[in-house]
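This report describes the strands and the aromatic rings of one structure. The structure is shown first.

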2 protein chains.
Amino acid sequence: MIPASYGRLGQLAGRFREQVKARFETLNQRRVFWESVLQGPVAEMIFAGKDRKAEQLLEQALEEGSTGHSDGEVYLVGGGPGDPDLLTFKALRLMQQADVVVYDRLVSRRVLDLCRRDADRVFVGKACNQHVISQEEINALLVRLAKEGKRVLRLKGGDPFIFGRGGEEIGELMAEDIPFQVVPGITSASGCAAYAGIPLTHQNYAQSVRFVTGHMKDGQCDLPWPELVQEHQTLVIYMGLLSLTQICEQLMRHGMSPRMPIALVENGTLPEQRILTGTLADIADQAAVTDFQPPALIIIGKVVALRDRLDWYSQS
Amino acid sequence: MIPASYGRLGQLAGRFREQVKARFETLNQRRVFWESVLQGPVAEMIFAGKDRKAEQLLEQALEEGSTGHSDGEVYLVGGGPGDPDLLTFKALRLMQQADVVVYDRLVSRRVLDLCRRDADRVFVGKACNQHVISQEEINALLVRLAKEGKRVLRLKGGDPFIFGRGGEEIGELMAEDIPFQVVPGITSASGCAAYAGIPLTHQNYAQSVRFVTGHMKDGQCDLPWPELVQEHQTLVIYMGLLSLTQICEQLMRHGMSPRMPIALVENGTLPEQRILTGTLADIADQAAVTDFQPPALIIIGKVVALRDRLDWYSQS
């Protein structure tokens with residue numbers, strides 16, 4: 001059950017065994033050196049498929065007699081939709097390796113619990129429009145921690161490059177010349193769709209899918225409504241539950257059928273997942289009655305009707 | 001490094017230890033029983049967060065003295081964009097468990113190599129428009145294998161519900177009353193974007209992202225061009241390399257700027273990843289010169305220009 005790369009890492013280590021023995025006198029020195037290699041940048045290069053670069057780093061570390069960990073770095077990691085079983089191997093490895101974890105409210109508790117036990121944890125908020133600290137402050141925090149020489153895990157719900165502000169955060173790191181990696185995660189749309197039994201595309205119903213966010217500015221949800229009303233397209237709205245009434249009204253006003261199927265997914269992919277399906281005309285009332293809570297994902301389109309046949313998760 | 005659920009599985013097993021001892025005389029019988037529990041449907045229920053259901057299944061297996069494996073089932077699994085390190089824990093577990101693997105050309109070799117060594121492998125083709133066997137035949141194959149009592153892995157590149165025909169395949173399974181699970185995978189757009197340093201959304205450049213496919217029917221790429229030309233949107237085209245010239249011409253004809261940035265990603269997330277960036281006006285010529293090959297992903301939008309600053313992978 002181990003990624004294929006471990007084999008290549010083992011081979012690389014094997015080729016250097018004698019040199020390391022010659023370079024470090026005591027068993028303990030060698031142990032520290034190998035730990036740094038097997039968990040540090042050399043291993044990361046192997047996992048990234050950059051075997052030649054890994055070998056160079058190993059040679060360099062050997063020459064310097066160092067562990068290569070003096071410089072800080074940032075891992076921008078997608079934690080997926082909630083179910084920890086949907087974490088990638090790469091994500092979990094970096095979660096176990098980081099010295100400090102910077103996370104916000106969209107990361108599921110079950111995922112957060114898998115970070116290294118003794119890593120510092122910094123909560124940076126973000127619930128709808130309430131930011132505990134601003135985006136600029138988050139960017140500055142990441143830079144500061146990395147400059148202290150720490151391995152910083154910036155843990156995001158879903159995927160960092162789909163409504164995750166990942167671009168903004170690494171832009172600052174790049175400007176400050178701080179090494180970083182980006183690890184994609186399963187975005188909520190994929191996770192919720194799979195566990196809800198709603199294919200986002202389907203030959204007969206939707207040949208394309210569009211993701212937008214529904215969060216409000218000054219009490220308004222400001223979306224390009226006419227563009228969103230398209231035949232043969234599935235529309236996925238992130239963070240739109242608080243704007244649900246407005247979203248349905250505007251889509252109908254711009255020509256979408258009041259009978260268009262729509263689904264709300266609360267706590268998607270988690271055991272407590274709840275799903276509500278209805279039509280543009282009636283879903284807002286239903287959501288109020290059943291007390292749906294953010295964060296929730298909204299899926300709109302004919303594919304939603306397939307759930308009646310394809311719902312496997314809540315029946316299992 | 002193990003998912004949290006293993007702890008709960010261990011506790012469940014612990015509570016039943018004495019009963020299992022009483023039920024099965026020999027050590028070998030007990031070993032077979034526990035193996036079936038720790039790899040079979042009971043474990044799956046725990047991993048899915050359905051602890052009560054898991055306990056019921058365990059009780060039932062104990063009563064019947066069976067391993068619960070008599071019925072076949074299908075795992076529809078997203079294998080992600082290529083890098084095996086981007087597999088989820090859930091995907092790899094099912095890959096290790098399946099008796100037979102049904103896969104097509106979009107699954108990376110490195111991912112396929114992680115399936116159970118002694119599992120049968122069935123290649124069902126699909127390169128652009130050449131299908132080795134038809135979709136209907138694939139559906140029928142999955143049904144037949146499951147009815148033979150096999151655990152069938154239907155392994156897809158990317159995510160099964162985003163251009164994966166997953167809905168079509170499980171529709172048939174549902175109609176035949178065959179148990180199945182759907183495991184989301186990292187879709188190519190997420191994987192390629194992360195490794196290319198191109199955020200799909202960005203506060204200043206793109207508040208939405210749209211996925212379409214560019215594959216051709218009768219030599220034509222039939223997309224709803226006017227809809228695709230939108231400000232503040234990133235457009236991702238799957239399987240569009242063969243239609244690249246047409247795509248660029250049509251987008252420009254419908255009003256998109258000839259200077260709009262565009263990126264092609266070949267072998268995304270793999271060590272041999274190649275990326276080409278340019279503009280709508282010049283990319284097709286560049287692609288011809290550099291001999292880009294499908295499958296490749298196309299990303300169009302202002303966010304592509306961020307890559308100049310954010311490219312971390314090819315510099316590492």
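## The sheet

In this predicted model, an open sheet of 10 strands runs in the order β9(A)-β8(A)-β10(A)-β7(A)-β6(A)-β6(B)-β7(B)-β10(B)-β8(B)-β9(B), with mixed pairing. Strands (E, at least two residues) and helices (H or I, at least four) are DSSP runs numbered from the N terminus, and two strands pair if DSSP finds at least two bridges between them. The edge strands, each pairing on one side only, are β9 (274-279) of chain A and β9 (274-279) of chain B.

Strand β6 (residues 208-213) of chain A pairs with β6 (residues 208-213) of chain B in the antiparallel sense, over 5 bridges. Here A:V209 stands opposite B:F211.

## Aromatic pairs

Over all chains there are 18 aromatic pairs. Rings of Phe, Tyr and Trp (its six-membered ring) pair if their centres lie within 6.5 Å; planes under 30 degrees apart count as stacked, over 60 as edge-to-face and the rest as tilted.

B:Y195 and B:Y313 form an edge-to-face pair, 4.8 Å centre to centre with 65° between the planes. B:Y195 lies in helix α9 of chain B and B:Y313 in the segment after α13, 118 residues apart. The charged end of A:K50 sits over the ring of B:Y313, 4.2 Å from its centre; this requires NZ of Lys or CZ of Arg within 6 Å of the ring centre and within 35 degrees of the ring normal.

## Conventions

Residues are numbered from 1 along each chain as its sequence is written, and chains are lettered from A in the order in which they are written. Local features need pLDDT of at least 70, side-chain atom pairs count only at pLDDT 80 or more, and side-chain values use heavy atoms, without hydrogens and water.
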